[in-house]
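Dear colleague,

Here is the structure I said I would pass on.

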Amino acid sequence: MKLTPLVPPIKCQGIKTKLVKDVKNIVSDLSFGRWIEPFSGSGVVAFNINPKKALLADTNTHIIQFYNNLKNQFITSKTVKLFLQENGQVLKEQGESYYYQVRERFNQSPNSLDFLFLNRSCFNGVMRFNRKGQFNVPYCHKSERFSQAYITKIVNQVIALENILIKTDYNFQVADFRETLSNWQKTDLIYLDPPYLGRHTDYFNSWSQEDEDCLVTILKDISCRFILSTWHSNQFRSNPLIKKNWSADKFYIYTKQHFYHVGSTEKLRHPITEAIITNFNIPLLPERGTDLQQLSLLPSTAENEGVRTV
C-alpha cells in the first residue's frame, strides 16, 4: 500500500516531500540517538521520519516560532480553524485589500496565525522576505481561498503535527547552521538541506560561497552520520560543487529526478536532479525489500564528471 507523506501546514519552496520516501529508506535500519536538521524549513523530512528526539533549527524565526507555539499549545488545531474561518470570511468579502492589511499587521507585529494565513494565501505559496525581514509576497488573487475544504485540509495537517509533538522530544531553535553543528554527538544523525548555491535561495537569508565552503569544511570533520541534499543537475547545467566537495572515497552520492511545483513563474518550475550525499554506505539491495526498478534513489550518473558513485 502506498503511504502518503505527512505534509506540514507551512509551505516552503524546495520542500523535500518527494525525498521523504528515499530518506526513510536510508535511515530505516539505522540506530541513532538524536535527529538533527540545521536547515529544517517546513520540517517535512523530520516529521515523516518521526524520531523520538530531534533538534530542528532554522534561521527563519517565523517558522520556528510557529512550531514552538504549536509544541507549547499556544496555538492549536482549534485556534487555527477558528482563525482561518474568521479571517478567510473577511478575505472573501474584502479581497486583496484585506490580504495586504494582514501582511502589514504581520510585518509590524509577527505572530504565527497571521504567518500561516499569509503563507497559504500568498502568490504561488512562495515564502520571501525583503532585506528588512518583512514578508513581501503579493496576493494570490483568490478571495475564496479559505473554503471549508481548504481549512479542513490545513487543520488536519496541524492535528497530525500535534499528534507527533505530544509523543516526542523536539527542540525547535532559531540558529545558524554553524551553531547547530557545533554540538553534534557521535550517536546523532544529521540531515541537511541547505540553500542551493547558484540557484534562487533567498526565501529568508541569502546563501553565499563562504557559507557553502564553511558547511563543507564542518561536514568533512564530523564523525557522526549525515545525509545531505543538494542539486545535481537540471536541463541547463550541472552542479560543479558535487565534484569539488564530495569526490573523496568516504562520501557516497545518489541521485533522483523530480519536479518543483512552487515558483513565482513557470520558468522556475523545471525538473531537477537531486543529489543525496552521505558519509556512510547505503546497502540498496533487493534483500532489504527494495525494488531498484521502482526505487527513486538511483546510482549517480556523474561518472563522466569524475565523481565516485555507488
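D114 and R105 form a salt bridge, with their closest N and O atoms 2.7 Å apart. Please keep in mind that this is a predicted model. D114 has a relative accessibility of 2% and so counts as buried, whereas R105, at 32%, counts as partly exposed.

In total, the count comes to 6 salt bridges. Another of them joins R178 to D211, where the closest N and O atoms are 2.6 Å apart. Because R178 lies in helix α8 (residues 177–180) and D211 in helix α9 (residues 209–221), this pair ties together parts that are 33 residues apart in sequence. R178 counts as partly exposed, at 29% relative accessibility, and D211 as buried, at 14%. Together with D176, R178 and D211 are linked in a network of salt bridges.

A further salt bridge is that of D188 with R34, at 2.8 Å between the closest N and O atoms. D188 is in strand β4 (residues 188–192) and R34 in strand β1 (residues 34–37), so the two are distant parts of the chain, 154 residues apart. Both D188 and R34 are buried.

Now the helix pair. Helix α4 (residues 77–94) packs against helix α7 (residues 148–165) at an angle of about 160°, and their axes are 9 Å apart. That angle makes α4 roughly antiparallel to α7. The crossing of α4 past α7 is right-handed. From α4, the contact is made by S77, V80, K81, L84 and Q85; from α7, by Q148, I151, I154, V155, V158, I159 and E162. These residues divide into 7 nonpolar, 3 polar and 2 charged.

Best regards

Key:
Residues numbered from 1 in each chain as written. Predicted model: local features only at pLDDT ≥ 70, side-chain atom pairs only at ≥ 80, totals over all residues. Heavy atoms only, no water. Axes fitted to C-alpha atoms, helices over the stretch in contact; angles between N-to-C directions. Helix = DSSP H or I, 4+ residues; strand = E, 2+ residues; numbered from the N terminus. Parallel < 35°, antiparallel > 145°, perpendicular 65-115°, else oblique. Left-handed = near helix turned anticlockwise from the far one by under 90°. Contact = heavy atoms within 4.5 Å. Nonpolar A, V, L, I, M, F, W, Y, C, P; charged D, E, K, R; others polar. Salt bridge = Lys/Arg side-chain N within 4 Å of Asp/Glu carboxyl O. Buried < 20%, exposed > 50% of the residue type's maximum accessible area, 1.4 Å probe, protein only.
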